[in-house]
Each structure stands twice: as C-alpha cells, then as structure tokens.
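Please look over the structure below before reading on.

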Amino acid sequence: VYKRQADLVALWFGLRRRVTRLAYVASGVGLMLLKYGVDVAVTAATTGRVWHPASYLSPLLSAKIHPNEPDWLLVWMALWALPFIWIGVSMTVRRAVDAGLSPWTGLLFFVPIVSYLVFAVLAVLPSRPAPPHRRPTAPLVPARTRETLASALAGATIGIAAAVLSIYGLGGYGASLFLGTPFTMGVVSAYTLNRRARRTSAMTNGVVQLGIALVGGAMLLLALEGIFCLVMAYPIAGPVAFLGGLLGRELAGRQPIAAAPVALLLALPALMAAEGTHPAPAAREVVTRVVVDAPPEHVWPNVVGFSELPPPTRLIFELGIAYPMRARITGSGVGAVRRCEFSTGAFVEPITVWQPPHRLGFDV
C-alpha cells in the first residue's frame with residue numbers, strides 16, 4: 001500500500017515520472033471528480049446549495065460562487081485548488097515530453113480556453129519512443145528545465161496564496177500585496193533556482209518574471225482579477241520581483257539554509273493582517289442623477305430590465321473595456337435577482353428594495 005501511495009505522489013507531484021495517455025486521462029478525470037465532490041459537499045453543508053456539474057466545468061470561480069455565500073468560501077476554494085493546479089501543471093509538462101513536445105507546452109495550462117485544447121490534444125497523442133542514447137533511469141524532464149519550472153512555480157504558488165489571503169481573506173489591496181508579495185516571490189524563486197548551482201542574473205530574472213506571469217495566468221483563469229487590472233499591476237510587481245530576485249540569488253550563494261526566504265514567508269501574512277487592522281479611509285459618496293422627462297410608471301420597466309442595446313462604436317470598447325448589453329430580472333419584489341449583462345460577463349444583483357414605480361434597490 002505504501003509503495004502504491006508513494007508512486008501516486010511521485011506521479012502527481014513530481015517532475016521525473018513519465019505520464020502516459022492513460023495516466024493523464026485517468027488522473028485528470030479521477031482528481032476532477034474528487035475536487036467536484038469535496039466542493040459540492042462543502043458548499044451544500046454551508047449554504048444548502050448544490051452545484052450543477054455544468055457550472056463546475058467553467059474555469060471561472062464567479063460561475064460557482066453565489067453573491068450571498070460567505071466570503072471565506074471563495075478563499076477556501078482557491079486554496080483548495082492550489083494542489084490541483086500543481087498536479088495539472090506537472091502532469092501536463094511531463095505528458096507533453098512523453099508525446100514528443102516541449103516541456104514548456106505544459107505552461108499553457110494557465111491560459112484560459114487554450115488549456116482545454118491542450119488537454120484534449122495531450123489525451124490522444126501517443127507516447128514517443130525514447131531516444132537511443134537516453135538511459136532508462138534518466139529523468140523524463142532534463143534537470144535544468146525541471147529546476148527552472150520548479151523555481152517559477154514555487155514563486156507562483158506563494159503569489160496565488162498571498163493574493164487570495166489578502167484580497168478575499170482580509171479584503172485589502174495594500175502595500176503587502178503589491179510590494180511584499182512580488183518581492184517575496186522573487187526571493188523564493190531566485191533562491192530555489194540558485195541554491196545548487198549559481199545561475200546568471202538574466203536567467204534568474206527570467207524565472208522570477210515567469211513566476212509573476214504564472215500568477216497572472218492563474219488569477220485570470222480563476223477570474224480572481226481581470227486582464228486590465230493585471231496589466232496595470234505589472235509595472236509595480238515586475239520591478240519589485242526583480243529586486244527580490246537579486247536578493248534571493250545572493251542569499252543562495254552565501255548561506256546554507258533558507259532562513260531569509262522562510263522569514264519572509266512568515267512575515268508576509270503577518271504584514272497583511274497588520275494592514276487590515278488600520279482604520280478604513282473615510283467614505284466618499286458620489287451621486288449621479290439622470291433626469292428623464294417621463295412619468296415614473298413609464299420609466300420603471302426600463303429600470304427593472306432593458307432589452308438588447310446596440311453595440312458601441314468607439315475604439316476603446318473594441319479593446320476590451322466592458323459595456324452593457326442587456327438586463328434581465330428573475331422574479332419580482334425583494335429577493336428577486338437581476339442580471340445586468342456586460343460584454344465581459346454579468347453583474348448578479350439581488351433586489352433589496354422594491355417600491356414600484358419609485359425606488360429599486362439592489363446589491364452588486
């Protein structure tokens with residue numbers, strides 16, 4: 001039994017074992033069912049709502065989380081997804097190598113929609129015979145590639161966990177997220193890469209920036225952040241991670257144990273928690289009024305919902321900025337749910353005040 005468990009751990013979490021089509025498909029389907037079962041059980045126990053399998057197939061967490069569910073549920077789901085993300089990446093990398101493709105193909109795991117195509121292709125491609133000069137006991141993925149991937153993924157794992165903790169656990173976008181997290185990622189990735197053999201500064205920074213890119217891909221894949229937010233954050237995160245990489249590279253050559261990286265890992269959540277204790281800034285209320293020259297009875301149906309709007313013609317909307325398309329409501333009165341549909345997705349708006357034809361209140 002122990003040997004079988006050890007084999008499964010090596011197959012799922014390592015970067016040495018060969019991954020055949022059968023192992024790839026069986027592990028993917030089995031682990032998907034395991035994750036779905038646990039997610040459904042936890043959600044049903046805490047909220048009484050049961051997910052439909054069709055909604056689970058969506059990569060977006062927003063398709064699974066109802067606005068009235070507790071905030072901690074999203075945090076738990078994101079953290080629970082981390083080991084499955086690692087398994088998916090590591091097995092996809094080795095399946096690509098087994099099929100005769102580049103191991104870097106496995107990083108397409110983080111690209112929404114494209115990842116599904118990669119899964120399908122790797123599930124049917126046959127294994128390529130090993131080169132004649134390759135020793136049977138040689139690792140499937142070359143050592144240098146393995147170390148590079150492991151170093152980038154080590155930093156990315158820290159980044160995803162820190163982002164989930166800060167944004168959804170503590171509700172903050174502070175300095176510890178924008179400065180402390182990429183700096184710590186840089187230190188850990190660079191230290192991991194250089195601890196056995198000193199790499200060049202360019203290679204170290206490339207691995208550090210790869211880790212930042214993987215975090216962005218994972219957050220985009222799980223719909224934790226939008227692509228424009230990630231693009232705006234990179235001018236801060238990229239240079240800060242570069243500085244962390246410089247420190248991590250030097251630490252790897254000067255001390256035998258990872259004392260400094262471990263200290264940073266312990267300090268980061270403490271800094272996030274400390275920021276959360278600061279008093280919230282004063283609220284600034286902004287009021288927008290649109291005066292319509294019509295009786296309230298005529299305006300009310302268009303407030304509750306509106307039909308298809310013509311698409312905008314300005315270039316900025318062609319670049320991806322969201323624009324409204326339609327609004328639909330299910331039910332009536334307090335407790336009804338309106339969906340205001342934009343080009344990038346829908347705002348789910350539970351109705352909280354229903355006083356026709358004078359006042360409509362809702363949460364977003």
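The numbered points below go from the whole chain to its sheet, its surface patch and its salt bridges.

1. **Basis.** This is a predicted model, in which local features need pLDDT of at least 70, side-chain atom pairs count only at pLDDT 80 or more, and totals for chains, interfaces and linings use all residues. Residues are numbered from 1 along each chain as its sequence is written, and side-chain values use heavy atoms, with hydrogens and water left out.

2. **The chain as a whole.** The protein chain has 12 helices and 4 strands. Helices (H or I, at least four residues) and strands (E, at least two) are DSSP runs, numbered from the N terminus. Of its 364 residues, 36% count as buried. Buried means under 20% relative accessible area, exposed means over 50%, and partly exposed lies in between (1.4 Å probe, protein chains only). The chain exposes about 20,700 Å², and carbon and sulfur atoms supply 67% of that area. Accessible areas come from the Shrake-Rupley method with a 1.4 Å probe; for residues, only the protein chains shown count as cover.

3. **Contacts along the sequence.** Take the contacts in the protein chain with a separation of 6 or more: residues 24 or more positions apart account for 63% of them. Contact means heavy atoms within 4.5 Å.

4. **The sheet.** In what order do the strands of the open sheet lie? The order is β1-β2-β3-β4, and the pairing is antiparallel. Two strands pair if DSSP finds at least two bridges between them. The edge strands are β1 (324-330) and β4 (359-362), each pairing on one side only. From one strand to the next, the twist averages 35 degrees. Strands of a sheet pair through backbone hydrogen bonds, either parallel or antiparallel.

5. **β2 with β3.** These two strands pair in the antiparallel sense over 6 bridges. A hairpin of 2 residues joins β2 to β3. R339 has V348 in β3 as its bridge partner.

6. **β3 with β4.** Strand β3 (residues 345-355) and β4 run antiparallel and are joined by 4 bridges. Here the hairpin connects the strands through 3 residues. Two positions can be checked by eye. W354 stands opposite L360 in β4. V353 stands opposite G361 in β4.

7. **A helix on the sheet.** Which helix packs on the sheet? Helix α11 (residues 296-304) does, touching β1, β2 (337-342), β3 and β4. The direction of α11 makes about 15 degrees with that of β4. Axes are lines fitted to C-alpha atoms, for helices over the stretch in contact, and angles run from 0 to 180 degrees between N-to-C directions.

8. **A nonpolar surface patch.** I227, F228, V231, M232, L315, I316, L319 and I321 form a nonpolar patch on the surface. Together they have about 820 Å² of accessible area. Patches are made of residues with over 30% relative accessible area and no salt bridge; like charges are joined within 9 Å, and nonpolar side chains (Val, Leu, Ile, Met, Phe, Trp, Tyr) within 5 Å. Helices α9 (227-254) and α12 (315-318) each supply at least two residues. The largest share, 4 residues, comes from α9. M232 lies in α9. M232 is exposed, at 59% relative accessible area.

9. **Salt bridges: R17 and D7.** The structure holds 11 salt bridges. A salt bridge is a side-chain nitrogen of Lys or Arg within 4 Å of a carboxyl oxygen of Asp or Glu. One of them joins R17 and D7 (3.3 Å, N to O). R17 lies in the loop between α1 (2-13) and α2 (21-47) and D7 in helix α1, so the pair ties together parts 10 residues apart in sequence. R17 is partly exposed at 38%, and D7 is partly exposed at 27%.

10. **R198 and E250.** The closest N and O atoms of this salt bridge are 2.9 Å apart. R198 sits in the loop between α7 (175-194) and α8 (201-221) and E250 in helix α9, so the pair links distant parts of the chain, 52 residues apart. R198 is partly exposed at 48% relative accessibility. E250 is partly exposed at 30%.

11. **E308 and R326.** Their side chains meet in a salt bridge (2.6 Å, N to O). E308 is in the loop between α11 and α12, R326 in strand β1, 18 residues apart. Salt bridges that share partners join E308, R326, R328 and E341 into one network.
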